[in-house]
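Open the model in your viewer and keep the selection panel at hand. The tour goes stop by stop.

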Amino acid sequence: MKKASIITKCTLGLLIAGSITACNQNKPASTTAATPATASADSKETIVFINSDSLSAKYAYVKDMDKRLSDKGNAAKSDIQSKGEAFQREVAEYQKSAATLPADQRQTTEQRLQREQQQLQGYQQNAQAELQNVQTAEMTKLYDKIAEFTKAYAKEKGYKLVLTYSKNNTNMLYGDPSLDVTADVVKRLNDAYTKDSSSK
């Protein structure tokens, strides 16, 4: 669902920014080697950043979440459309026979159709509200997952600040590529997600 994907991308930028972590100020960083294009674990840097656009595109959990939301949205849309078409058929049938019906029967039928239309509108509003609640719950769960991971990651690496970069978020216009830990973060998140999924 396009809307879910856009919400996901916009929210990722905010949620990672909310995961700024200050831990282990005196703890030396570990001596694990890294590729030149990313911040290494033995680097003296204490500030790094994650590209939230790449995280959104490459984190398997986000892809699965988008699919769940899309499937739910499509099912709700199909259900509402089906109910709406049934109501339209009922209205069309009434209109065909309205001229031959007694006045009291016409009035009763029109009142019933009006109630059904109001019920259908209420059903649509409830379905949209429920979908919005599901989206909010999914985004909260995603936020918690990434915030928890970022806190542990910063502690392990000795980082004092983890920023986020996104084309939709102009708060950070540039970051030296050596401070970009996105590839390592995505790999670790995907490894953890695969492990969690296989254990279920």
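A polar contact here is a pair of N or O atoms within 3.5 Å; within protein, one must be able to donate a hydrogen and the other to accept it, and residues adjacent in sequence count only if both atoms are side-chain atoms. This is a predicted model: local features need pLDDT of at least 70, side-chain atom pairs count only at pLDDT 80 or more, and totals for chains, interfaces and linings use all residues. Residues are numbered from 1 along each chain as its sequence is written, and side-chain values use heavy atoms, with hydrogens and water left out.

**Stop 1: S166.** Select S166, in the loop between β2 (161-165) and α5 (182-198). Helices (H or I, at least four residues) and strands (E, at least two) are DSSP runs, numbered from the N terminus. Show polar atoms. A polar atom of the S166 side chain lies 3.1 Å from the backbone nitrogen of N168. The S166 side chain also makes a polar contact with the side chain of D53, at 3.1 Å. Is S166 buried or exposed? S166 is buried, with a relative accessible area of 4%. Buried means under 20% relative accessible area, exposed over 50%, partly exposed in between (1.4 Å probe, protein chains only). Now select contacts, meaning heavy atoms within 4.5 Å. Leaving aside neighbours within four places in sequence, S166 is in contact with S52 and D53.

**Stop 2: the whole fold.** Zoom out and colour by secondary structure. The protein has five helices and two strands, in the order α-β-α-α-α-β-α from the N terminus. Of its 200 residues, 34% count as buried. Among contacts with a separation of 6 or more, 85% come from residues 24 or more positions apart.

**Stop 3: the cores.** A nonpolar core is a set of buried Ala, Val, Leu, Ile, Met, Phe, Trp, Tyr and Cys residues joined through side-chain atoms within 4.5 Å. Select L55, Y59, L142, V181 and V185: of the 21 residues in the largest core, these touch the most other members. Two or more residues each come from β1 (47-51), α3 (60-97), α4 (103-157) and α5. The most come from α4, with six. Centre on V185, which touches I50, F149 and Y153, not counting residues up to four places away in sequence. Then pick F87, V91, Y94 and L113, which are among the seven residues of a second, separate core.
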